[in-house]
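Subject: Structure for you to look at

Hello,

Below is the structure I said I would pass on. Please open it first, then read the notes under it.

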Amino acid sequence: MMSDQANNCRIMVETLQNVTCQILESETWNRVVCEPVKTLPIFQLTQEVCGVIYLLGSCPGVVAVMTSQRSLAAIIKSITGNETRELTQEDLLDGVAELANMVCGGMKSQSQISGITISTPMAIMGSEYVAQWKTAHPTQQLTFHMQDHSLIVIFSI
Amino acid sequence: MRVLIVDDSSVMRKIVTRGLRQAGFKIDEILEAGDGVKGLETQAASKCDLILSDWNMPNMDGLTFVKEVRKTGDKTPIVMVTTEGGEAKVAEAVKSGANGHIKKPFTPDTLRATLGQFFK
């Protein structure tokens, strides 16, 4: 018999895979390939730009969307339809926060877990930091590839 | 037809703009505001025909913005754009004078279905 936590975790993996693929494919017009899920012992931000959202309510936890500055810039340019303009640091922070918002908002709408509330997103950018959360359960990592860019979504509930 | 997009995220304002264009609506001008306060100023000065507003914004949130627009007697349709799709929040927005609600992420089809009625 699967525990509630394990069941919610399975639902989250499936929903985040679907939602993130839908967003990236519909917004960037690229084919997206998702790697098999990986289980990690700690929740740690490992990329240059990260958007973090807390899950509250019936399924408390934390979700992060992260990638390199180069990949994020390509995704934002594609999503906004502005391929030429140079992006500022504010655009990148804004963009990764909105990406996290869209992924978690879509997850909330499409998952069968009721009663989830999502926080406003927090954006982090840089390369000389270690950001790590202590969580009650292992972290699940989903990695998405499109052309020569990738996006990582991690969560722990 | 002039549309006002009120959102603190410049990226989201561009996403909405792109979505409106992809949906094929005939739009003469799209104006942008970064929060409710700027949104009120822009609407007072420019009298747009449709307003799309975020919920969570600094200075003045989306719900307060809707209430403030209605206080002035302005009946311009206002559609909320948000990830928060809770029934209670939608009901609160409608009670405050909003005319509809779009959940992010959205597609051009979603925009057509929700906003089509506001385009003549």
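A residue is called buried when its relative accessible area is under 20%, exposed when over 50%, and partly exposed in between (1.4 Å probe, protein chains only). Helices (H or I, at least four residues) and strands (E, at least two) are DSSP runs, numbered from the N terminus.

This is a predicted model, in which local features need pLDDT of at least 70 and side-chain atom pairs count only at pLDDT 80 or more, while totals for chains, interfaces and linings use all residues. Residues are numbered from 1 along each chain as its sequence is written, chains are lettered from A and ligands numbered from 1 in the order in which they are written, and side-chain values use heavy atoms, with hydrogens and water left out.

Helix 2 of chain B

Which residues of helix 2 (residues 36–46) of chain B are buried? They are B:G36, B:G39, B:T42, B:Q43 and B:S46. These residues lie on the same side of helix 2 of chain B, because they cover an arc of only 120° around the axis; the arc is that of the directions from the helix axis to the C-beta atoms. The face turned away from that buried side carries the exposed residues B:A44 and B:A45. Strand 1 (2–6), strand 2 (29–33), strand 3 (50–53) and helix 3 (62–71) of chain B are included in what covers the buried residues.

At the start of helix 2 of chain B, a side-chain oxygen of B:D35 comes to within 3.0 Å of the backbone nitrogen of B:V37. Just after this helix, B:K47 has a positive phi of about 45°.

Salt bridges

A salt bridge here is a side-chain nitrogen of Lys or Arg within 4 Å of a carboxyl oxygen of Asp or Glu. The count over all chains is nine. One of them joins B:E32 and B:R13, with the closest N and O atoms 2.7 Å apart. This pair links distant parts of the chain, since B:E32 is in strand 2 and B:R13 in helix 1 of chain B, 19 residues apart. B:E32 is partly exposed at 38% relative accessible area, whereas B:R13 is buried at 14%.

Another salt bridge, between the side chains of B:K71 and B:E68, is 3.0 Å from N to O. B:K71 and B:E68 are three residues apart in helix 3 of chain B, so about one helical turn separates them. B:K71 is exposed at 65% and B:E68 partly exposed at 24%.

B:I102 sits in strand 5 (residues 100–103) of chain B and is buried, at 1% relative accessibility. Contact means heavy atoms within 4.5 Å. Leaving out residues up to four places away in sequence, B:I102 touches B:V79, B:M80, B:V81, B:T82, B:T110, B:L111, B:T114 and B:L115.

Where the chains meet

The contact takes 18 residues from chain B and 21 residues from chain A. The area buried between these chains is about 1600 Å², with carbon and sulfur atoms giving 52%; buried area is the accessible area (1.4 Å probe) that two parts lose on being put together, summed over both. On the side of chain B that touches chain A, helix 1 (residues 10–23) of chain B gives the most, with seven residues. How many salt bridges are there between chain B and chain A? The count is zero.

Regards

Definitions and conventions. Polar contact = N/O pair within 3.5 Å; in protein donor to acceptor, adjacent residues only side chain to side chain.
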